[in-house]
Amino acid sequence: MTDKLLLFVSKMEATADPRVKSGLLLPYTEPGMTNLGKVTASKGALKLAEKPNQLTLEHMDKLPVADFVAFDETDAGLRCSVRYLDTPMGNAALEEFEAGTRTGLSVEVDNPVIRAGRLAEGAVTGGSQVEDPAFPSARLAAA
């Protein structure tokens, strides 16, 4: 079994700060197509990494575009907020979000344990801004 789960799932929203966006990073009870197959997550199954990695583009570790600034576990799923970096890559990713060309989110989970299609445990270590998430609702949204 691989030690990382990539799940394309979410929708981001604009906030009062133009460089901060928030959204649902991992919905619960909604099946998602991952690199490890169809998986459903539940509230309380995952831990947050002590220091999450930066948000990247399309899961490319060398392309950081934002810092995670907050996580909030709700009944609907794990929400996050990110602040785009004031770098060429961060600015380009923010422009893509604002243009509606790359608005999806994808969570990254290290050491996932999957039983009968259910994500039983693992550590949320970060995420990525993606063009084509697995769910139509997995998008950033402008205010």
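In which strand is Glu-73 found? Select strand β7, residues 60-73, and Glu-73 is there. Strands are DSSP runs of E of at least two residues, helices are runs of H or I of at least four, and both are numbered from the N terminus.

Before going on, note that this is a predicted model, in which local features need pLDDT of at least 70, side-chain atom pairs count only at pLDDT 80 or more, and totals for chains, interfaces and linings use all residues. Residues are numbered from 1 along each chain as its sequence is written, and side-chain values use heavy atoms, with hydrogens and water left out.

**Around Glu-73**

Glu-73 is partly exposed, at a relative accessible area of 35%. Buried means under 20%, exposed over 50%, and partly exposed in between, with a 1.4 Å probe and protein chains only. Show Tyr-28, Lys-43, Gly-44 and Leu-78: Glu-73 touches these, leaving aside residues up to four places away in sequence. Contact here means heavy atoms within 4.5 Å.

Next, look at the side chains of Glu-73 and Tyr-28, which are joined by a polar contact of 2.6 Å. Such a contact is a pair of N or O atoms within 3.5 Å; within protein, one must be able to donate a hydrogen and the other to accept it, and residues adjacent in sequence count only if both atoms are side-chain atoms. A polar atom of the Glu-73 side chain also lies 2.9 Å from the backbone nitrogen of Gly-44.

**The aromatic pair**

Select Phe-68 and Phe-71. One aromatic pair turns up in a search of the whole structure. The ring centres of Phe-68 and Phe-71 are 5.1 Å apart and the planes are at 20°, so the pair is stacked. Rings of Phe, Tyr and Trp (its six-membered ring) pair if their centres lie within 6.5 Å; planes under 30 degrees apart count as stacked, over 60 as edge-to-face and the rest as tilted. Phe-68 is buried, at 14% relative accessible area, while Phe-71 is partly exposed, at 23%.

Move to α1, the twelve residues 88-99. Gly-90, Ala-93, Leu-94 and Phe-97 are buried in α1. Seen down the helix axis, the buried residues of α1 fall within an arc of 100°, so they line one face; the arc is that of the directions from the axis to the C-beta atoms. The face turned away from them carries the exposed Pro-88, Glu-95 and Ala-99. Just after α1, select Gly-100, which takes a positive phi of about 80°.

**The whole chain**

Of its 143 residues, 43% count as buried.

How values were computed: The expected span of a helix is 1.5 Å times one less than its number of residues.
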